[in-house]
Amino acid sequence: IYVLGDVMKNIRFSTERLNIADMQFSDCDYAAKEWGNEISGKYMCDPFYKNGEELRDILKDELENSEKWTDDFYFSVFKKENDEIIGTACAFEVEKSKKIWGIGYSIKLTEWNKGYGAELVNGLCKFLKLHNAEIINTLIAKENISSLKICFKNGFEIFKETEFIKSGTDIKYSAYELRKKL
């Protein structure tokens, strides 16, 4: 447990420039705004949330019980230098018997092209290795060149071509399922 700003946060792991903490109810306003942004939220599987209250209602049970998380994690990402929230991430067990975990992440639009995405994905991989992951999986829209570059830089490879529909919409993306063996 660590104090970020004026709020107690459970930091799960850190990287050189980032603290990755359990998402709190207070972080939902940021997350809904970023995920609902037509640029930064464009390629996410999540729907465009209206506001933080909607997201708090959806994640209520998970966020109230973060101390019990073992196979499904919701994170907020903070810059160490000033405790500013600049992203979100998730990690979830996909297939226990094969030790396959999935990840998702976002970085605030104003912080793009500063290496935070690559640093976050690298940290997620290290975190999941500690949770006995052997394979990490992620789904990236083919149009999302920046995120593909981040994952390739971190050792992910194309596992298969697929597609997904952005939740709550009829928007369909051609995508790659990427995998990394640890």
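Student: In this predicted model, how many bridges pair strand 4 with strand 5?
Tutor: Strand 4 covers residues 18-22. Its pairing with strand 5 runs in the antiparallel sense, and within that pairing alanine 21 sits opposite serine 76 of strand 5. The count of bridges between strand 4 and strand 5 is five.

Student: Is strand 5 largely enclosed or largely open?
Tutor: Strand 5 spans residues 72-79. Buried here means under 20% relative accessible area, and seven of its eight residues are buried. So the rest of the structure leaves strand 5 largely enclosed.

Student: OK, and on to strand 6: which residue there is the bridge partner of tyrosine 74?
Tutor: Strand 6, residues 85-95, runs antiparallel to strand 5, with seven bridges joining the two. One of the pairs puts phenylalanine 73 with alanine 91. For tyrosine 74, the partner in strand 6 is cysteine 90.

Student: What does cysteine 90 bridge to in strand 7?
Tutor: Strand 6 and strand 7 (residues 100-107) are antiparallel too, joined by eight bridges. Cysteine 90, already the partner of tyrosine 74, also has a bridge partner in strand 7. That residue is glycine 104.

Student: Which residue takes a positive phi in the hairpin of strand 6 and strand 7?
Tutor: Let's go hairpin by hairpin. The one made by strand 5 and strand 6 has five residues between the strands, and aspartate 83 takes a positive phi near 60 degrees there. The hairpin of strand 6 and strand 7 has four residues between its strands, and the phi in question is near 55 degrees. The residue is lysine 99.

Student: Switching to serine 40: buried or exposed?
Tutor: Serine 40 lies in the loop between helix 1 (28-35) and helix 2 (52-64). Its relative accessibility is 12%, and the cut-off for buried is under 20%. So serine 40 counts as buried.

Student: Which residue's backbone oxygen does the side chain of serine 40 reach?
Tutor: Skip the neighbours within four places in sequence, and serine 40 is in contact with Glu34, Leu109 and Trp112. The side chain of serine 40 gets to a backbone oxygen at 3.0 Å. That oxygen belongs to glutamate 34.

Definitions and conventions
Residues numbered from 1 in each chain as written. Predicted model: local features only at pLDDT ≥ 70, side-chain atom pairs only at ≥ 80, totals over all residues. Heavy atoms only, no water. Buried < 20%, exposed > 50% of the residue type's maximum accessible area, 1.4 Å probe, protein only. Pairing = 2+ DSSP bridges. Polar contact = N/O pair within 3.5 Å; in protein donor to acceptor, adjacent residues only side chain to side chain. Contact = heavy atoms within 4.5 Å.
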